[in-house]
Amino acid sequence: MRILTAVLAIASGIIVLVGYFIPLPVLAEIRLVITSWAILIAGMAALVGIFNLAAVQMEKIRTRQKGGAYGAILVLSLLLTFGFGLLLGP
């Protein structure tokens, strides 16, 4: 299974790279689909990572484990950064 996923990743990368240099309409369409999927997967991975980070740190704070204060600072920084991003834009 690892070989199959590696082959798919390498093939996708080669298709995207060749699509930039060789202006064929078919390659351009495939390149756009692959890029769109990559953006979607990366966005979902970021959301899952943020949720996991917040959940783990909130559990540390709730159970008063060692490093809970640092977890509180981390979650507060996450919320402030998100707020500034909403207000000021990218």
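**View 1. Overall fold of the predicted model.** The elements of the protein run α-α-α from the N terminus on, a total of 3 helices and 0 strands. The C-alpha trace spans about 60 × 40 × 15 Å along its principal axes.

**View 2. Surface of the protein.** The accessible surface comes to about 7600 Å². Carbon and sulfur atoms account for 79% of that surface. Of the 90 residues, 9% count as buried.

**View 3. Helix 2 from end to end, residues 25-62.** Helix 2 has 38 residues, so at 1.5 Å a residue it should span 56 Å. The C-alpha atoms at its ends lie 55 Å apart, which agrees with that span. Just after helix 2, R64 takes a positive phi of about 55°.

**View 4. Buried residues of helix 2.** L27, R31 and Q57 are buried in this helix. The buried residues of helix 2 pack against helix 1 (2-21) and helix 3 (68-88).

**View 5. Nonpolar patch around W37.** V33, W37, L40, I41, M44 and L47 form a nonpolar patch on the surface. Together these residues have about 650 Å² of accessible area. W37 is placed in helix 2. Its relative accessibility is 53%, and because exposed means over 50%, W37 counts as exposed.

Notes: Residues numbered from 1 in each chain as written. Predicted model: local features only at pLDDT ≥ 70, side-chain atom pairs only at ≥ 80, totals over all residues. Heavy atoms only, no water. Helix = DSSP H or I, 4+ residues; strand = E, 2+ residues; numbered from the N terminus. Buried < 20%, exposed > 50% of the residue type's maximum accessible area, 1.4 Å probe, protein only. Areas by Shrake-Rupley, 256 points an atom, 1.4 Å probe, with all protein chains shown as cover. Patch = residues over 30% accessible without salt bridge, like charges linked within 9 Å, V, L, I, M, F, W, Y side chains within 5 Å. Salt bridge = Lys/Arg side-chain N within 4 Å of Asp/Glu carboxyl O. Expected span 1.5 Å × (residues − 1). Contact = heavy atoms within 4.5 Å.
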